[in-house]
Amino acid sequence: MALAVRGCTLALVFITMWLLIQANIDVCPKGDVTALPSRVISLGSAVNISCSLKNNSSAHKLILYRSNREIASHRGDSVSVQVTHLPLGTTLFVCKLASAHRAESRVCGVVVSVGVVPEQPQNLSCEQKGEHGTVACTWSRGRDTHLYTEYTLQLNGPKNLTWQKQCRENYCEWLDLGVNLTPELPEPTFTAKVTVTNSLGNSSSRLSTFTFSDIVRPLPPWDIRTNFPSASSSRCTLQWKDEDWVLLNRLRYRPYSSKFWTMVNVTNARGKHDLLDLKPFTEYEFQISSKLHLYKGSWSGWSESLRIQTPEAEPTGTLEVWYMKQHISHNRQQISVFWKNLSVSEARGQILYYQVTLQEVTGKKITLQNITDHTSWTCVIPRTGTWTVAVSAANSRGSSLPTHIKIMDLCNTGSLAPREVSVNSEETQRAIVVAWQPPKKATSAVQEYVLEWKSLHPEASMQPPLNWLRVPSYNMSALITENIKPYVCYEICVHALSEGGAGCSCVQGSSSNKAPLSGPHISAITEESGGAFVSWNHIPAQDQMGCILHYRIYWKERDSRSQPELCEIPYRPFQNSLPMNKLHARVTYVLWMTALTAAGESPQGNEREFCLQGKGTWKAFVISSVCIAIVIVGIFSTQYFRQKVFVLLSALRPQWSRGIPDPANSTWAKKYPIVEENMPLPWDWIQTAWCVPEEPEPLAINEVLQVTPIFRHSQCTKWPERGRGVQGHFTSKDDIVYSASSLLPSRALTAETRQLADLYKVLGSRDTDSKPGNPANPLMVLQVDYLPNHEGYLPSNIEELPPQEAPLMDPLEELVPQHISLSIFASCSLHPLTSCGEKLTLDQLKMGCDSLLH
């Protein structure tokens with residue numbers, strides 16, 4: 001840019017000076033400034049600058065300036081100075097007149113140009129583009145002269161033909177003569193020369209000699225086309241158009257994704273050539289160049305690129321297949337089959353679908369087939385039998401060979417599990433290095449290793465669910481780079497495969513780690529079993545920044561300045577709670593959590609306050625009380641349990657509180673158990689008793705002197721012993737004494753009383769010395785036995801009462817004999833008729849027949 005500005009300035013100065021000379025205008029009326037020996041000098045020369053006034057005047061002072069810097073001065077009518085070491089280019093010198101009372105005025109000036117002699121032009125060459133083009137020559141001009149320079153190109157041909165053209169630009173390196181050469185003459189010879197001239201001298205290039213074939217360069221071929229005969233994927237016919245004089249062509253082609261070309265030279269092609277080694281279903285790029293002579297001349301430029309895709313062919317190679325196995329019930333399992341896409345060279349076309357065949361090779365010979373356009377397939381099969389999977393890929397021209405794989409448990413053989421599996425991060429390559437040791441006992445049985453890795457959070461990393469890499473059995477390490485992202489944790493499993501089984505070992509790893517961006521969030525703290533139970537939410541996947549190794553739970557007393565205590569637990573993805581027994585009761589604590597990776601510890605999560613109560617809360621007490629009450633009410637709502645509880649409570653009753661004589665302890669009950677069910681009963685009084693609903697008339701009994709039993713002890717009859725039932729009730733003879741009592745009144749009994757008497761005759765008159773039908777002597781001393789009733793107790797010797805006719809029974813009301821059971825517990829509350837120690841008389845007793853029928 002600076003050179004261009006300098007050139008423009010120099011040209012403007014010369015044009016101005018030339019115009020002034022032609023116009024004969026005196027531009028310096030006060031004086032002249034001269035430069036000797038010349039205004040144009042070569043680099044390193046000296047120049048004398050002189051300034052003189054036209055009117056002689058010694059009263060003024062002349063001053064010379066070089067680029068506004070004073071270099072000389074003199075009081076008089078002239079001044080002169082010699083200047084050396086001027087730079088290349090132009091330098092302006094100005095002469096000014098100074099007086100005592102006026103400002104300086106310009107007298108005149110001069111421009112001095114410094115340059116060099118032109119160098120000899122080099123590398124002269126000429127060229128004609130195409131059969132209708134013109135001859136143009138180029139050269140290297142050498143260094144810049146910094147002066148006005150002219151270039152002259154001269155071309156001499158046969159028959160003294162000369163063409164010449166000039167260029168008056170300082171930076172001229174190319175000229176077009178405008179001449180079109182033809183091959184009509186038999187190999188004519190041409191010469192070219194360039195001459196450069198400036199004020200300091202001139203220089204000419206060497207002669208360049210050439211023929212028509214040497215300088216004519218054909219135009220690039222055009223209209224390129226391809227054709228694939230019979231839809232062949234490897235044979236291609238390439239066609240193009242070219243100039244008539246062209247004798248030689250060269251072709252280059254390559255797959256569009258490659259950087260390397262394949263070159264082919266063709267002679268007398270006449271615009272057509274066949275290529276036979278192309279790859280199927282591959283996009284190629286083609287270019288063609290031309291030349292007029294086999295040995296002379298230059299190649300044309302490359303034609304425009306033609307891009308085209310070859311036809312498809314049947315796929316080659318086999319798919320790489322892997323699988324996952326999961327038990328979903330006792331007799332079913334889920335099989336997920338995965339495979340990788342074929343490479344472009346193996347697919348040899350657009351894969352339209354994959355065919356998956358799952359076959360049971362033993363037993364029922366079950367076969368399942370599926371066609372899918374995905375790279376995975378899942379199905380549910382029985383857990384019995386031996387299963388194999390075959391997967392093949394298909395395009396429009398055919399299918400690849402199927403890949404067969406046997407389905408087996410990948411981790412069922414512990415002896416095949418690889419040992420000492422370790423992972424190391426490779427941050428520079430975004431990769432993970434996995435190393436392991438072979439199994440101890442089954443090293444020779446291992447056929448190959450399979451590395452399997454998947455992200456612990458696939459929804460966050462947006463990666464395929466499963467990746468795998470097959471490793472030969474002699475390698476004990478591998479570098480995994482496929483679908484590996486930084487700061488993502490992966491679960492990596494190494495499978496050792498043999499003919500009869502497989503074993504595996506798994507670890508976690510990542511290509512790079514950072515300290516987690518946040519800590520776990522404590523969601524709840526509850527009190528359980530006298531301790532605290534802490535629950536938390538895991539760190540979001542995008543904040544984990546690698547593999548979490550541990551969680552830490554910190555706690556300290558509220559408002560305490562001491563260092564917090566901590567508990568470190570291994571990280572498990574499915575664990576989100578932990579019981580803690582290190583907190584003291586009735587102390588308020590502040591708890592928070594952090595997470596650790598291999599790179600460091602995360603900031604703390606949220607803080608949570610908690611106070612351990614040390615005992616059950618009122619809610620737990622109320623809930624347990626309600627549950628116990630519901631259970632008790634449920635138990636006592638059943639009659640069977642009520643009776644059992646009442647018997648238990650009666651057995652635990654103290655003797656002093658038992659005021660009612662127990663009929664079970666009587667001699668009669670001892671001799672005649674009530675379980676005897678074959679005793680006949682007089683149904684006439686039973687029916688009468690049932691038929692009389694109203695309250696009977698009071699019975700008037702005359703008192704007579706009669707011996708009655710009096711208990712020796714002050715307390716009433718004892719309760720039955722535990723486990724003896726009704727038959728075990730008795731009263732010992734030694735405990736009975738006799739006393740006189742008033743006889744009953746001799747008045748007639750009511751019908752109800754008579755019925756009761758008859759009943760007592762049946763139940764109470766049987767003795768070991770008496771027979772049925774022979775009532776005992778009423779004057780003899782009687783032991784009094786008591787029979788229970790819901791209304792009180794009656795003595796068993798009521799048969800001594802005066803007889804009376806029983807009322808007639810309605811024959812329509814006769815009943816079928818029923819089973820009679822007597823219980824020591826009445827249907828209503830039992831109260832003694834008299835207090836302990838008093839005499840028991842019939843006017844104090846009432847007895848119905850209801851209790852005997854139930």
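Phe636 is placed in helix α6, where helices (H or I, at least four residues) and strands (E, at least two) are DSSP runs numbered from the N terminus. The structure is a predicted model, in which local features need pLDDT of at least 70 and side-chain atom pairs count only at pLDDT 80 or more, whereas totals for chains, interfaces and linings use all residues. Residues are numbered from 1 along each chain as its sequence is written, and side-chain values use heavy atoms, with hydrogens and water left out.

Phe636 has a relative accessible area of 37% and is therefore partly exposed; buried means under 20% relative accessible area, exposed over 50%, and partly exposed in between (1.4 Å probe, protein chains only). Phe636 belongs to a nonpolar surface patch together with Ile628, Val631, Ile632, Ile635, Tyr640 and Phe641, and the accessible area of the patch is about 670 Å². The largest share, five residues, comes from α6. Patches are made of residues with over 30% relative accessible area and no salt bridge; like charges are joined within 9 Å, and nonpolar side chains (Val, Leu, Ile, Met, Phe, Trp, Tyr) within 5 Å. A salt bridge is a side-chain nitrogen of Lys or Arg within 4 Å of a carboxyl oxygen of Asp or Glu. Accessible areas come from the Shrake-Rupley method with a 1.4 Å probe, and for residues only the protein chains shown count as cover. Cys627 is partly exposed, at a relative accessible area of 42%.

The largest nonpolar core contains 30 residues, and those with the most contacts inside it are Leu319, Trp322, Trp339, Val389 and Val391. At least two residues of this core are supplied by each of β25 (321-327), β26 (332-339), β27 (353-360), β29 (376-382), β30 (387-395) and β32 (403-407). A nonpolar core is a set of buried Ala, Val, Leu, Ile, Met, Phe, Trp, Tyr and Cys residues joined through side-chain atoms within 4.5 Å. Beyond its neighbours within four places in sequence, Leu319 is in contact (heavy atoms within 4.5 Å) with Trp339, Lys340, Leu342, Tyr354, Val391, Ser392, Ala393 and Thr403. Another core lies apart from the largest one and has 24 residues, including Trp139, Leu155, Leu177 and Val194.

Thr91 is located in strand β7 (residues 89-98). Its relative accessibility is 6%, so Thr91 counts as buried. Neighbours within four places in sequence aside, the contacts of Thr91 are Arg66, Ser67, Leu86, Val110, Val111 and Val112.

Seven disulfides are counted, a disulfide being a pair of cysteine sulfur atoms within 2.5 Å. One of them joins Cys126 to Cys137, with an S to S distance of 1.9 Å. This link is right-handed, with 100° about the S-S bond. The pair connects distant parts of the chain, as Cys126 is in strand β9 (residues 122-129) and Cys137 in strand β10 (residues 135-140), eleven residues apart. Cys126 counts as buried at 11% relative accessibility, and Cys137 is buried at 0%.

The sulfur atoms of Cys167 and Cys172 are 2.2 Å apart and form a disulfide. The link of Cys167 and Cys172 is right-handed, with 125° about the S-S bond, and both cysteines are buried.

A further disulfide joins Cys411 to Cys504 (S to S 1.7 Å), and this link is right-handed, with 115° about the S-S bond. The pair links distant parts of the chain, 93 residues apart: Cys411 is in the loop between β32 and β33, and Cys504 is in strand β39 (residues 502-509). Cys411 is partly exposed, with a relative accessible area of 46%, whereas Cys504 is buried, at 16%. Cys379 is buried, with a relative accessible area of 11%.

Backbone geometry was also examined. Most residues other than glycine have a negative phi, and most peptide bonds are trans. Leu36 and Pro37 are joined by a cis peptide bond, with omega about 15°, and Pro37 is in the loop between β1 (31-36) and β2 (40-42). Arg348, although not a glycine, has a positive phi of about 50°. This residue is in the loop between α3 (344-347) and β27, and Arg348 is partly exposed, with a relative accessible area of 22%. Glu420, which is not a glycine either, has a positive phi of about 55°. Glu420 is in strand β33 (residues 419-426) and is exposed, with a relative accessible area of 59%.
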